[in-house]
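Q: Could you take a close look at one helix packing with me, and at the aromatic side chains around it?

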Amino acid sequence: NGGDDMNLISSDAKRSVSLGGSDTWQTLCSTIRYHLSQSEKQLPHVFAFIQGGHCSYQDCLTTAREFNLVRDRLSQIDPGKIIYDDKNPEKQPPCGDRISPVITSCANYLTSGDGDDLLAEIVKILSYAAYAKVSVDVK
């Protein structure tokens, strides 16, 4: 992963998700914006989170639920259609077109810096934050 290390961090610092390099977050956000822009009205909290990098605890459960919908929708999209830069959709991701044979869709294309399913890790930290009444930030 290229770029600076990035993390999702709960405001109580008890939970974090390593995004690895900033390329991972950029790819996730670009893929969502490119493939799911027509769903923005059904996914307002996801779009607000990827735009602003912050989710208050009041919105965390709804945002987690919307990320599960994102997973459902991205699971229908071939992994070769991952978008690294939605302003330049033809641009290749840093790994090029070398996609692991275990990757079946855009939903499981991205992993955390620790190798875990990124969308699942996002849902977990948002769910934790809702119950702990803390916010989540991308840093």
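**A helix pair and an aromatic cluster**

A: Helix α3 passes helix α4 in a left-handed crossing, a term for the near helix being turned anticlockwise from the far one by less than a right angle. This is a predicted model, where local features need pLDDT of at least 70, side-chain atom pairs count only at pLDDT 80 or more, and totals for chains, interfaces and linings use all residues. Residues are numbered from 1 along each chain as its sequence is written, and side-chain values use heavy atoms, leaving out hydrogens and water.

The axes of α3 (residues 57-74) and α4 (residues 118-132) come within 7 Å and cross at roughly 160°; axes are lines fitted to C-alpha atoms over the stretch in contact, with angles from 0 to 180 degrees between N-to-C directions. The two helices are therefore roughly antiparallel (angles over 145 degrees). Their contact (heavy atoms within 4.5 Å) includes F67 and R71 of α3 and L126 and Y131 of α4.

F67 also takes part in an aromatic pair with F49, edge-to-face at 6.2 Å centre to centre and 90° between the planes (ring centres within 6.5 Å, using the six-membered ring of Trp, and planes over 60 degrees apart). F49 lies in helix α2 and F67 in helix α3, so this pair ties together parts 18 residues apart in sequence. Both F49 and F67 are buried, meaning under 20% relative accessible area (1.4 Å probe, protein chains only). W25, F49 and F67 form one aromatic cluster.

Technical notes
Helices (H or I, at least four residues) and strands (E, at least two) are DSSP runs, numbered from the N terminus. Angles under 35 degrees count as roughly parallel, over 145 as roughly antiparallel, 65 to 115 as roughly perpendicular and the rest as oblique. Rings of Phe, Tyr and Trp (its six-membered ring) pair if their centres lie within 6.5 Å; planes under 30 degrees apart count as stacked, over 60 as edge-to-face and the rest as tilted. Buried means under 20% relative accessible area, exposed over 50%, partly exposed in between (1.4 Å probe, protein chains only).
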